[in-house]
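Open the model in your viewer and keep the selection panel at hand. The stops below each give something to select and then say what is there.

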Amino acid sequence: MTASDDRSGAGRGGLNRPHQATAPLLEVDGLSAAYGAVQALTDVSLQVMPGEIVTLIGANGAGKSTLLMTLCGEPKPRAGRVVLAGEDITGAPTHAIMRRGVAQSPEGRRVFPRMTVRENLLMGAEALTRGDPTPQLERVFVLFPRLKERLAQRGGTLSGGEQQMLAIGRALMSRPRLLLLDEPSLGLAPLVVKQIFEAIRALNAETGLTVLLVEQNAFQALRLAHRGYVLVNGRITMAGTGQELLARPEIRAAYLGGH
Amino acid sequence: MAYALQQLINGISLGMIYGLIAVGYTMVYGIIGMINFAHGDVFMVGAFVALISLLLLQAGGVLDGPAAILVMLLVSMAITALYGWTAERVAYRPLRGSFRLAPLITAIGLSIVLQNFVQVSQGARPKPTETLLPGGWEVMRDGAFVVQFSYSQMLIIGITLAVLAVFTVLVTRTPLGRAMRACEQDRKMAALLGIDTDRTISLTFVIGAALAAVAGTMYLLRYGVIDFYIGFLAGVKAFTAAVLGGIGSLPGAVLGGLLIGLIETFWSAYFSVQYKDVAAFSVLVLTLIFLPTGLLGRQEVEKV
């Protein structure tokens, strides 16, 4: 049984078959980036196909968050290319990239603390150049009913799990083609993590949303993802389907605590 | 009693002017964490633009009172806003990402540039103008003392309230206002949501300058004399007002402005006119020592 069979209800085919025919939604080629003098990413290449969940696992400080931020235009890459749906977005300003259908739920959630939940969500719809955000708001409430109960509450007063839901919900408000998720499980109770991963799975299955997921929680992430990459010291050292990576002894030893 | 009432009226109308300037300080501080020390001089430029447009109108001889005031106000707001935009573009934006002190020093430099520019181009002598709005409403009479609520004071209070109402709606209800608040709370995240943060910061300067222009026009109408140096003192007092109200807080800036206006007026009325500036600046010192977050400043605990 492959990972994708679990999701056959989505009406999609096998893992690689449909994807090979189409062009990648995101193509990263030879990307290098640095924070000041510190080299953070070296020659990173990866692809994300439309409708895929791809995960990026690695230790703390491996460059996972830097990679997501570099994809969003800040820091600017030192070398390499980022291509989104055939369009070269290397070096474009952050706001322009986000308006081309990329959304990020960033490290540390970064909920606006002095805005209400509603305002936070509406901020997410900022990149929607036109149209009424209400239907999307309703979709987010279906996914995270909790947010609806908290609508008038300020972002800074929510619990960690609620803030994470808000960060993801806010990212979804722009109806992105590509959702970048940075450590959605960090610091959350297992039950909440399960809920959030379930939401990601449902989104992907029901709407075909493409997700690039950064996680330290490698076991859960690899089970959820179609494919994964392993990042070590800013370089990609391994790639494969979620199942393949889960089966690799070195992955089990390094990231899965040996189980 | 009548005397105190008169001081109250004077203090409130003066405080409104400080409040309008203070909003510009607090907005810029909120969004980029910088005290724009050139803001007082932007107010001065606003007063000069209003005066020039008034003289042009009078030279044309077409307009009478209220219409002339409206034209002055709009022209001053537009041109001063352009100054604000240019200042941000030329003096502050290139320094974004530089060390914190850099834009502050530039602001002081810009303040000197604006003062000298106006001094050279308009002359150093004070510019008197005839009273556009003479007279007023006699509130009460106590013996020989007449409490008067002058038309210019009514205008100041009325226009300030109207401008602040529009401004409040802008900040709390519109996408631009949301974008401004988002940039203030987390600029990087705002960019990640597709907000052009540079543009939002530019517009913040533009709005701040337009409000300062309203204050400059009101100052001209009320006091009738301006010179290239009025921005310094008014600017420092408005800064005091912003700190007193809690820097970064918009209602705080208005409240602080009103309080500084009242303190200054009452001090002049009951103690000594010579020491009115000392009184206002003592408030700054006391606030910084005993209430550094100001009256309406942020004290809430935020979860991270």
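Begin in chain B by selecting helix H10 (residues 250–270) and helix H11 (residues 276–290), whose axes come within 8 Å and cross at roughly 145°. Helices here are DSSP runs of H or I of at least four residues, and strands are runs of E of at least two, numbered from the N terminus. Axes are lines fitted to C-alpha atoms, for helices over the stretch in contact, and angles run from 0 to 180 degrees between N-to-C directions.

Two residues are in contact if their C-beta atoms, placed from the backbone, lie within 7 Å. The contact of H10(B) with H11(B) has six nonpolar, one polar and two charged residues. Nonpolar covers Ala, Val, Leu, Ile, Met, Phe, Trp, Tyr, Cys and Pro, charged covers Asp, Glu, Lys and Arg, and polar covers the others, Gly among them.

A note on the model: it is predicted, local features need pLDDT of at least 70, side-chain atom pairs count only at pLDDT 80 or more, and totals for chains, interfaces and linings use all residues. Residues are numbered from 1 along each chain as its sequence is written, while chains are lettered from A and ligands numbered from 1 in the order in which they are written.

Next, select helix H2 (residues 39–60) and helix H3 (residues 65–92) of chain B. Their axes come within 8 Å and cross at roughly 140°, which makes H2(B) oblique to H3(B) (under 35 degrees is roughly parallel, over 145 roughly antiparallel, 65 to 115 roughly perpendicular and the rest oblique). This crossing of H2(B) and H3(B) is right-handed. Residues in the contact include Val42(B), Val49(B) and Leu57(B) of H2(B), and Val71(B), Ile79(B) and Tyr83(B) of H3(B). By class, the contact of H2(B) with H3(B) divides into twelve nonpolar, five polar and no charged residues.

Move on to H4(B). Which of its residues are buried? They are Pro103(B), Thr106(B), Ala107(B), Leu110(B), Ser111(B), Leu114(B), Gln115(B) and Val118(B). Buried means 20 or more other C-beta atoms within 10 Å of the residue's own, exposed 12 or fewer, and partly exposed in between, with C-beta atoms placed from the backbone. The buried residues of H4(B) pack against H2, H3 and helix H9 (230–245) of chain B. After H4(B) comes Gly123(B), whose phi is positive, near 90°.

Now pick Phe167(B), in helix H5 (residues 151–173) of chain B. Phe167(B) is buried, with 20 other C-beta atoms within 10 Å.

Finish by showing both chains. Their contact takes 21 residues from chain A and 17 residues from chain B. On the chain A side, helix H3 (94–98) and helix H4 (117–124) of chain A each give two or more residues, and H4(A) supplies the largest share, four residues.

Definitions and conventions:
Left-handed = near helix turned anticlockwise from the far one by under 90°.
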